[in-house]
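Morning, everyone. Please look at the model on the screen while I talk.

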Amino acid sequence: MPEPTVAGLAAERADDYFAGYSVVGLLALIGVIFVAVAFGAGRLLRPVVPTPEKLLTYECGVDPVGEGWAHTQVRYYVYAFLYVIFAVDSIFLFPWATVFAAAGYGATTLVEMFIFLGFLAVGLLYAWKKGVLTWT
């Protein structure tokens, strides 16, 4: 039985490598075809009766009255931003807990987590001192 050559092994590995990507490409193509067929069927089956009322811009079923500018309190954005910060924090805690449980990583990951929580605490303290967290 002849010994496999380096070029033969490399070609075999490349075939295995690209075979995995061909499955992903095929699924992506099927997804694109599915979406195209769905949009095409919707375009063919829907009734097209344009009226002036249908072309009118509205928000939540209410006809627009007055000007388009509305005043929005910036504190709502701050609350949303604080929520995102703590949501990211909670997402970061789950993988940290699994790494913390692994042997040999305990002290390092514990220090990293306290540094991360310290940054969050400083940000929360800053927001509290600025009066962002008071609802008026």
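Start with one term: a contact means heavy atoms within 4.5 Å. In the protein chain, take the contacts with a separation of 6 or more; residues 24 or more positions apart account for 50% of them.

Some ground rules. This is a predicted model: local features need pLDDT of at least 70, side-chain atom pairs count only at pLDDT 80 or more, and totals for chains, interfaces and linings use all residues. Residues are numbered from 1 along each chain as its sequence is written, and side-chain values use heavy atoms, with hydrogens and water left out.

Now the layout. The protein chain has three helices and zero strands. Helices (H or I, at least four residues) and strands (E, at least two) are DSSP runs, numbered from the N terminus. The order is α-α-α.

Next, the record. An unreviewed UniProt entry lists residues 20–45, 76–97 and 103–128 as "transmembrane region". Such annotations may be inferred rather than shown by experiment. Residues 20–45 are 100% helix, and their end C-alpha atoms lie 38 Å apart. Residues 103–128 are 88% helix, with end C-alpha atoms 38 Å apart.

Last, the surface. Of the 136 residues, 6% count as buried. Buried means under 20% relative accessible area, exposed over 50%, partly exposed in between (1.4 Å probe, protein chains only).

So where is L29? It lies in helix α1, residues 6–45.
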